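Q: Could we go through this model together? I would like to start at the end of the chain and then work back to the core.

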Amino acid sequence: MDIQIALLLAQDGITNGAIYALLALALVLVFAVTRVIFIPQGEFVAYGALTLVMIQAGTVPATLWLLLGAGVLAAAVDARGALHSGQKGRLAGVLAWNVGYPVVLAALLYLLPLTTLALPLQVLLALLVVVPMGPLMYRLIYQPIAAAPVLILLIVSVAVHVGMVGLGLLFFGAEGSRTPPFSEARFELGPMLVNG
């Protein structure tokens, strides 16, 4: 083994170590707050990247319809709760956030020329689609069983993971996709080339 191979292996080890450290941190943070071992967090990363691919292809991402469906379900659950507790004033806020937001986002995605937008705006649109799915998922799946034992929450997390993998295959297909790199920067550190 020469020095160049050793440097490449070290670079790969640092990169993979950083990814595993972030994954562990995310698992611990979610578990500390909710007692949920949140297995489907990788699907959120994949949904974000594949939503960006669809936006760059000029198509409205299929994850938008998942967001809208989850928003309608959450609005129905929250509206029912508001009506039973006599808090009719909450209905407007519940509908605006859970249904109005996805509808406005859908209109935006249909009206904007997606392929001509700059990469940061495309990334922002992908985040606007995927990020609200987390609170909606918590509201619909985990909050009703929040007092359940950790084993039940783990089983539900595995079920959500399997469901999201299946939906991902339905939405995005089994073919590989890729986005352009965020940065074309390259640095030379001795004999080693480091990409931005």
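Predicted model: local features only at pLDDT ≥ 70, side-chain atom pairs only at ≥ 80, totals over all residues.

Q: What does β2 pair with?
A: Strand β1, residues 186–189, is joined to β2 by four bridges, and the two run antiparallel. Within this pairing, F187 stands opposite V194 of β2.

Q: How many residues lie between β1 and β2?
A: Two residues separate them, and the strands form a hairpin. In the turn, G190 has a positive phi of about 65°.

Q: Which elements have the lowest and the highest mean pLDDT?
A: Strand β2, residues 192–195, has the lowest mean pLDDT among the elements of the protein chain, at 74. The highest belongs to helix α5, residues 119–130, at 94. For the protein chain as a whole the mean is 89, and 99% of its residues reach 70 or more.

Q: Stepping back, what is the overall make-up of the chain?
A: The protein chain has seven helices and two strands. Along the sequence they follow the pattern α-α-α-α-α-α-α-β-β.

Q: Is the chain spread out or compact?
A: Its radius of gyration is 20 Å, whereas the globule rule gives 16 Å for 196 residues, so the protein chain is more spread out than a compact globule. Taken along the principal axes, the C-alpha atoms fill a box of roughly 70 × 45 × 30 Å.

Q: What share of the residues is buried?
A: Buried residues make up 28% of the 196 in the protein chain. The chain exposes about 11,800 Å², and carbon and sulfur atoms supply 73% of that area.

Q: Now the core. How many residues are in the largest nonpolar one, and which have the most contacts inside it?
A: The largest nonpolar core has 31 residues. Those with the most contacts inside it are F44, L105, L109, L125, M137 and Y142. Helices α2, α3, α4, α5, α6 and α7 each supply at least two residues of this core.

Q: What does L109 touch?
A: Not counting residues up to four places away in sequence, L109 touches I55, V60, P61, L64, L114, L125 and V129.

Q: And α6, which of its residues are buried?
A: In helix α6, residues 133–142, the buried residues are M133, L136, M137 and Y142. The cover over the buried residues of α6 includes α2 (41–56), α3 (63–84), α4 (90–111), α5 and α7 (150–172).

Q: Back to α2 for a moment: why does T51 count as buried?
A: T51 lies in helix α2. Its relative accessibility is 0%, and buried means under 20%, so T51 counts as buried.

Q: What is T51 in contact with?
A: Leaving aside neighbours within four places in sequence, T51 is in contact with P61, T63, A126, V129, V130 and F172.

Q: Changing topic, where is R35, and what is its phi?
A: R35 sits in the loop between α1 (3–34) and α2. The phi of R35 is positive, at about 65°, although R35 is not a glycine. R35 counts as partly exposed because its relative accessibility is 31%.

Q: What about L127, which helix holds it?
A: L127 lies in helix α5. With a relative accessibility of 47%, L127 counts as partly exposed. L127 and T63 are 64 residues apart along the chain, and their C-alpha atoms are separated by 11 Å.

Q: What share of contacts is between residues 24 or more positions apart?
A: Such pairs account for 70% of the contacts in the protein chain that have a separation of 6 or more.

Terms used
Residues numbered from 1 in each chain as written. Heavy atoms only, no water. pLDDT = per-residue confidence, 0-100. Pairing = 2+ DSSP bridges. Rg over C-alpha atoms; globule rule 2.2 N^0.38 Å. Buried < 20%, exposed > 50% of the residue type's maximum accessible area, 1.4 Å probe, protein only. Contact = heavy atoms within 4.5 Å. Areas by Shrake-Rupley, 256 points an atom, 1.4 Å probe, with all protein chains shown as cover. Core = buried A, V, L, I, M, F, W, Y, C linked by side-chain atoms within 4.5 Å.
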